[in-house]
Amino acid sequence: MTAGTTTLTDVTTAEHELAALQREHGRPLFALLLRLCDGDRQRAEDLVQETLVRAWQHPEALRADTFDSVRPWLMTVGRRLAIDARRARQARPAEVGDAVLENSRVIADHAERSAATLDVRQAVKTLTPEHREVLVLVYFHGASVAEAAETLGIPAGTVKSRAYYALRALRRVLPGYAADLR
């Protein structure tokens, strides 16, 4: 057998040692990690498991003759894992659940508004010059019928009829916007 190969008895021994670590040091380790995780049991349990995995990966640290107990080593590893986990959570943006998204305020989509503006501009270009003048004065510049009549030098009734026929022509050219043009 070569160095670096693992036998079945080595795996079984490691499992027994890990189970003994869990029994002997699991509760105090969990209590420490629960405090460090602000009472989040799930996260504390995950960190206990991760700490025990680190112990399994580094059996030389557990068998060192320099200390009487492995508990300080386990507590240090667990505390460092908790600190790393907290830093990782703070570095990421907070996760948002579906309930928060459903209740959030909807911001208008500027792309849709820009597309609608371009559609209306194209449609206005299809109108006759007389209808376009009235429409621009009354609807886009906000002039009253009397002001538009005075500016164009035509009777108020003609301004009203041209505005009516201009809107009707736009409704035909912009069928998806018909509700907005009423």
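Visitor: Hi! Let's start with Ala 149: buried or exposed?
Guide: Ala 149 is buried, with a relative accessible area of 9%. Please keep in mind that this is a predicted model.

Visitor: Thanks. Which helix does Ala 149 lie in?
Guide: Ala 149 belongs to helix H8, which covers residues 145-152.

Visitor: And what is Ala 149 in contact with, leaving aside neighbours within four places in sequence?
Guide: With those neighbours set aside, its contacts are Ile 154, Pro 155, Ala 156 and Val 159.

Visitor: Let me zoom out. How many helices and strands are in the chain?
Guide: The chain has nine helices and zero strands. Along the sequence the pattern therefore reads α-α-α-α-α-α-α-α-α.

Visitor: What share of the residues is buried?
Guide: Of the 182 residues in the chain, 24% are buried. As for the surface, the chain exposes about 13400 Å², and carbon and sulfur atoms supply 54% of that area.

Visitor: And what part of the contacts comes from residues 24 or more positions apart?
Guide: Such pairs account for 54% of the contacts with a separation of 6 or more.

Visitor: I'd like to look at H2 now. How many Å apart are its end C-alpha atoms?
Guide: The ends of H2 are 24 Å apart, C-alpha to C-alpha. With 1.5 Å a residue, its 17 residues should span 24 Å, so the two values agree.

Visitor: Which residues of H2 are buried?
Guide: They are Ala 44, Leu 47, Val 48, Thr 51, Leu 52 and Ala 55. Looking down the axis of H2, these buried residues fall within an arc of 135 degrees, so they line one face of the helix.

Visitor: Why would residues three or four places apart point the same way?
Guide: An α-helix has 3.6 residues a turn, so residues with that spacing point the same way.

Visitor: Which exposed residues sit on the face of H2 turned away from the buried side?
Guide: That face carries Gln 42 and Gln 49, both exposed.

Visitor: Pick Thr 51 for me. What is its relative accessibility?
Guide: Thr 51 has 0% relative accessibility, so it counts as buried. Not counting residues up to four places away in sequence, Thr 51 touches Leu 29, Leu 33, Leu 74, Val 77, Gly 78 and Leu 81.

Visitor: What happens at the start of H2, around Asp 40?
Guide: There, a side-chain oxygen of Asp 40 comes within 3.3 Å of the backbone nitrogen of Gln 42. The side chain of Asp 40 also forms a salt bridge with that of Arg 43, at 3.1 Å from N to O. Asp 40 is partly exposed at 27%, and Arg 43 is partly exposed at 28%.

Visitor: How many salt bridges are there by this rule?
Guide: The count is three salt bridges. One of them pairs Glu 50 with Arg 54, whose closest N and O atoms are 3.1 Å apart. These two residues are four residues apart in H2, which puts about one helical turn between them. Glu 50 has a relative accessible area of 31% and Arg 54 has 30%, so each counts as partly exposed.

Visitor: What does Asp 38 pair with?
Guide: Asp 38 meets Arg 86 in a salt bridge, 3.1 Å from N to O. This pair links distant parts of the chain, 48 residues apart: Asp 38 is in the loop between helix H1 (8-36) and helix H2 (41-57), while Arg 86 is in helix H4 (residues 71-91).

Visitor: How accessible are Asp 38 and Arg 86?
Guide: Asp 38 is exposed, at 61% relative accessibility. Arg 86 is partly exposed, at 30%.

Visitor: One more, on His 25. Where is it found, and is it buried or exposed?
Guide: His 25 is in helix H1, and at 4% relative accessibility it counts as buried. Leaving aside neighbours within four places in sequence, His 25 is in contact with Ser 69, Val 70, Arg 71 and Leu 74.

Definitions and conventions. Residues are numbered from 1 along each chain as its sequence is written. This is a predicted model: local features need pLDDT of at least 70, side-chain atom pairs count only at pLDDT 80 or more; totals for chains, interfaces and linings use all residues. Side-chain values use heavy atoms; hydrogens and water are left out. A salt bridge is a side-chain nitrogen of Lys or Arg within 4 Å of a carboxyl oxygen of Asp or Glu. Buried means under 20% relative accessible area, exposed over 50%, partly exposed in between (1.4 Å probe, protein chains only). The expected span of a helix is 1.5 Å times one less than its number of residues. The arc is that of the directions from the helix axis to the C-beta atoms. A polar contact is a pair of N or O atoms within 3.5 Å; within protein, one must be able to donate a hydrogen and the other to accept it, and residues adjacent in sequence count only if both atoms are side-chain atoms. Contact means heavy atoms within 4.5 Å. Accessible areas come from the Shrake-Rupley method with a 1.4 Å probe; for residues, only the protein chains shown count as cover.
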